[in-house]
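Welcome! Here is a short briefing on how some side chains meet inside a protein model. Have a look at the structure, then read on.

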Amino acid sequence: MDVRRSGDRYLGGEPADGIETRHAFSFGPHYDPDNLRFGPVIACNEEHLEPGAGFSEHTHSHTELVTWVVEGTLTHRDSAGHETTVRPGDLQRLSAGGGVRHTERNDGSSCLVFVQMWLAPVAAGGDPSYEIVRGIADSTPYAVPAAGALLHVRRLRPAERAAVPDAARVYAHVVRGEVRLGGAELGPGDSVRLRDSNSLELEALRGSAEVLVWEFAGD
């Protein structure tokens, strides 16, 4: 069980342009050979965009990008013709395939906060694809077959508990609130990397909580 604290994330983005990024993994100029990935996860970025700020059009390839909006609204546009507004509770997946261009912006009047997770696919290439799930439910895990991954959304009321999947690898990211997992107390932005998890539970502390839990079957 490897606990990573929010305060230890690498700071990036373009603060002068209203973009602040907090990286959980080695990223860009913040190169750390001991923190390149965990299973298929190669990035877990917390993005904070001021009103009117955004990422200009850029290219991704051979990556599964899964986006979870925490607050505000995200405007997504891509070269495959998709234009979508993503809100809290929606789950967005962009499969880059052999290559796709996209932009992400905050066209709203309040701050936009979202978590974007990049997963390496089992096989490179293919055609880009896009999906958005409105109001994803806690009870139904979201599958990303290209990366051999399942995403569980855990929303907990005060003192409520929820099981952590028994799996070869589990990656948990605390979106909001405070939780206990395996004896560790975690707050917003904290994450845990688990190997061979067995009979573990999340417990909400001192209020409601929301946690994104990735399940990976293989090494």
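This is a predicted model: local features need pLDDT of at least 70, side-chain atom pairs count only at pLDDT 80 or more; totals for chains, interfaces and linings use all residues.

**A buried arginine**

- Start with arginine 9, which you will find in the loop between strand E1 (2-4) and strand E2 (10-14).
- Arginine 9 is buried but has no salt bridge. The nearest side chain of opposite charge belongs to glutamate 46, 4.2 Å away; a salt bridge needs a nitrogen and an oxygen within 4 Å.
- The side chain of arginine 9 does meet backbone oxygens: that of arginine 22 lies 3.1 Å from one of its polar atoms, and that of glycine 189 is reached at 3.2 Å.
- Beyond its neighbours within four places in sequence, arginine 9 is in contact with several residues, including His23, Cys44, Tyr171 and His173.

**Aromatic rings**

- A pair of aromatic rings is described by how far apart the centres are and by the angle of the planes.
- How are the rings of phenylalanine 38 and tyrosine 171 arranged? Their centres are 6.4 Å apart and their planes are at 40°, so this pair is tilted.
- This pair links distant parts of the chain, 133 residues apart: phenylalanine 38 is in the loop between strand E3 (19-23) and strand E4 (41-49), and tyrosine 171 is in strand E16 (residues 169-181).
- Arginine 169 lies over the face of phenylalanine 38, at 5.0 Å from the ring centre.
- For tryptophan 214 and phenylalanine 216, the ring centres are 6.2 Å apart with planes at 10°, so the pair is stacked. Tryptophan 214 and phenylalanine 216 are both buried.

- Side chains of opposite charge can pair when their charged atoms come close.
- Glutamate 64 and arginine 93 form a salt bridge at 3.9 Å, N to O. It links strand E6 (residues 64-71) with strand E9 (residues 91-95), the two residues being 29 apart.
- Are these two partners buried or exposed? Glutamate 64 is buried, at 6% relative accessible area, and arginine 93 is buried too, at 12%.
- Arginine 77 and glutamate 83 meet at 3.3 Å, N to O. Here arginine 77 is partly exposed, at 30%, while glutamate 83 counts as exposed, at 58%.
- Arginine 180 forms a salt bridge with glutamate 185, with the closest N and O atoms 3.3 Å apart.

Terms used
Residues are numbered from 1 along each chain as its sequence is written. Side-chain values use heavy atoms; hydrogens and water are left out. Helices (H or I, at least four residues) and strands (E, at least two) are DSSP runs, numbered from the N terminus. Buried means under 20% relative accessible area, exposed over 50%, partly exposed in between (1.4 Å probe, protein chains only). Lys and Arg count as positive and Asp and Glu as negative; His and the chain ends are not counted. A polar contact is a pair of N or O atoms within 3.5 Å; within protein, one must be able to donate a hydrogen and the other to accept it, and residues adjacent in sequence count only if both atoms are side-chain atoms. Contact means heavy atoms within 4.5 Å. Rings of Phe, Tyr and Trp (its six-membered ring) pair if their centres lie within 6.5 Å; planes under 30 degrees apart count as stacked, over 60 as edge-to-face and the rest as tilted. A charge sits over a ring if NZ of Lys or CZ of Arg is within 6 Å of the ring centre and within 35 degrees of the ring normal.
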